[in-house]
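Hi everyone, thanks for making time.

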Amino acid sequence: MTNPCLSCGACCANSRVVFDASEADDQPGGFVPSCLCAEYTDTLRIMEGTDYARPQCVALSGRVGEKVSCDIYASRPSPCRDFESHGLYGISNVACNDARRRHGLPPLPNPKP
Ligand code: SF4
Ligand code: SF4
């Protein structure tokens, strides 16, 4: 099965991507490029571009719904690592299809029981 994320990207242009500040690479052991995120609170960072009324992460390349990629895939923050496409690996993620719907994309099929 082709990975649906490669022609989607809706969740990267849907809502705030906020994560623990310790994940930023200006902190000991951090890995998310700090140049692509901002302080959100004293203890949280946010991916640049995701705090707008029409959010889109600065690390997303391509066009949502056509062909996309994450420029920092290996160093993406935990919310992105934890967010799986609906139906992948037999899991259900309604937030995936919600994001797709907001971008006019069809829902992914439900996971097989
Ligand atoms: S909304 Fe779902 S299918 Fe689209 S990129 Fe995100 S996880 Fe993948
Ligand atoms: S860091 Fe990558 S996976 Fe996470 S929202 Fe930005 S483009 Fe999407």
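Which residue just after H2 takes a positive phi? It's Gly104, with a phi of about 75 degrees. Before going on, some housekeeping: this is a predicted model, where local features need pLDDT of at least 70 and side-chain atom pairs count only at pLDDT 80 or more, while totals for chains, interfaces and linings use all residues. Residues are numbered from 1 along each chain as its sequence is written, chains are lettered from A and ligands numbered from 1 in the order in which they are written, and side-chain values use heavy atoms, with hydrogens and water left out.

Okay, helix H2. It covers residues 94-102; helices here are DSSP runs of H or I with at least four residues, strands are E runs of at least two, and both are numbered from the N terminus. Cys96, Asn97, Ala99 and Arg100 are buried in H2, where buried means under 20% relative accessible area, exposed means over 50%, and partly exposed is in between, using a 1.4 Å probe and protein chains only. Looking down the axis of H2, those buried residues fall within an arc of 155 degrees, so they line one face of the helix. That arc is taken from the directions from the helix axis to the C-beta atoms. On the face turned away from the buried side, you'll find the exposed residues Val94, Arg101 and Arg102.

Now have a look at ligand 1. Cys96 and Arg100 are part of its surroundings, along with Cys5, Cys8, Gly9, Cys11, Phe83, Glu84, Ser85 and Leu108; a residue counts here if one of its heavy atoms lies within 4 Å. That shell splits into six nonpolar, two polar and two charged residues.

And what surrounds ligand 2? Cys12, Val17, Cys57, Ala59, Leu60, Cys70, Ile72, Pro77 and Cys80 do. This shell has nine nonpolar residues, no polar and no charged. For the classes, Ala, Val, Leu, Ile, Met, Phe, Trp, Tyr, Cys and Pro count as nonpolar, Asp, Glu, Lys and Arg as charged, and the others, Gly among them, as polar.

One last stop: Tyr89, in the loop between helix H1 (78-82) and H2. Most residues other than glycine have a negative phi. Tyr89, though, has a positive phi, near 60 degrees. Is Tyr89 buried or exposed? Tyr89 is exposed, with a relative accessible area of 66%.
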